[in-house]
Amino acid sequence: MGRVIAAGVALGLCAVLLGAAPASAQPESASLRLQVSIDQRPIEDATVPIDPANQVELQVVATNPGTAPVKVRSVRLSGVALALTFFAYDTTAPFEVPARGSVSRTFVLDLGDLAGQATGLLPSSVELLDAGRATLGESTTVADIRGSFWSVYGVFGLAMLVLTILAWVTALLALARHRLAPNRWRRGGRFLPAGFGTGLVAVISLSVLRLVPPEPAIEIPVVLGAAAIAFLLGYLTPHPAPPAVTGSDATVQLPVPSTQEFTR
């Protein structure tokens, strides 16, 4: 059971550490500069509310600083948390941005099923894609999704909470029953999955409660900090005491008669 819990927590940790890279307003390979508004609200350096019950009006102004025209095939609105994509909407609307020119386009998006995919604050982006699905330009923001707690994102957080509670229970039971390893480093490792899980749950909870978005600059220190504290707690736990000898296990030592007693 402990291995299953550790594996589940480790999957969430790997997503954070391996996939969470700092987002940039424009990717290095981008050939277009974007100015994006959602419901007439600029998204750059802002938190944009999105209500899945209503249609979203997405306005994109693409500027081409190059000397050749750029052909755009589709626009994508997506949201990412813990390096996992929880929603993505693609709209095919081909247009061309002339060299050293700008083009403005407006898209109406129906996000009705977003309520079942995410809720809370999520780092999001609007991208223009070419025919090969490569990104031509990108603008990032934080979306305030007014979705359901029982969305995919909410259930993911609930699953991490259950795994974290089980990880703490198994570690503390092993401590109470004196079943931890004599080596301090192994005892610290026994508490490590519980610490990782605590950090992940904290990041998701802050996002769902609309307090702090799960951005890499926040989620990585929180997860690693919680893991370090849990490891330290395990490292400082007392050495497991040897099992007490019960009466049924005790061996009665009888005195051995000396040779003089036999000669008498």
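**Entry 1: helices H2 and H3**

I looked up helix H2 (residues 152–176) and helix H3 (residues 184–208), and I noted that their axes come within 8 Å and cross at roughly 150°. The axes are lines fitted to C-alpha atoms, for helices over the stretch in contact, and the angles run from 0 to 180 degrees between N-to-C directions. This angle makes H2 roughly antiparallel to H3 (angles under 35 degrees count as roughly parallel, over 145 as roughly antiparallel, 65 to 115 as roughly perpendicular and the rest as oblique).

The model is a predicted one, in which local features need pLDDT of at least 70 and side-chain atom pairs count only at pLDDT 80 or more, while totals for chains, interfaces and linings use all residues. Residues are numbered from 1 along each chain as its sequence is written, and side-chain values use heavy atoms, with hydrogens and water left out.

I then noted that H2 passes H3 in a left-handed crossing (left-handed if the near helix is turned anticlockwise from the far one by less than a right angle, right-handed if clockwise). Among the residues that make the contact are Tyr153, Phe156 and Trp168 of H2 and Phe191, Pro193 and Ile204 of H3, where contact means heavy atoms within 4.5 Å. By class, I recorded 16 nonpolar, seven polar and one charged residues for the contact of H2 with H3.

**Entry 2: helices H3 and H4**

Next I turned to H3 and helix H4 (residues 216–235), whose axes come within 6 Å and cross at roughly 150°. H3 and H4 are therefore roughly antiparallel to each other, and H3 passes H4 in a right-handed crossing. The contact of H3 with H4 has 15 nonpolar, six polar and three charged residues.

**Entry 3: alanine 226**

Is alanine 226 buried or exposed? I found that alanine 226, which lies in helix H4, is buried, with a relative accessible area of 19% (buried means under 20%, exposed over 50%, partly exposed in between, with a 1.4 Å probe and protein chains only). Leaving aside neighbours within four places in sequence, alanine 226 is in contact with Gly195, Thr198 and Gly199. I also noted that alanine 226 and alanine 202 are 24 residues apart in sequence and 9.2 Å apart in space, C-alpha to C-alpha.

**Entry 4: the sheet**

Last, I followed four strands that form an open sheet in the order E2-E1-E4-E7, with antiparallel pairing (two strands pair if DSSP finds at least two bridges between them). The edge strands are E2 (41–42) and E7 (102–109), each of which pairs on one side only. Strand E4 (residues 56–63) pairs with E7 in the antiparallel sense over eight bridges, and I saw that glutamine 59 stands opposite threonine 106 in E7.

Terms used. Helix = DSSP H or I, 4+ residues; strand = E, 2+ residues; numbered from the N terminus. Nonpolar A, V, L, I, M, F, W, Y, C, P; charged D, E, K, R; others polar.
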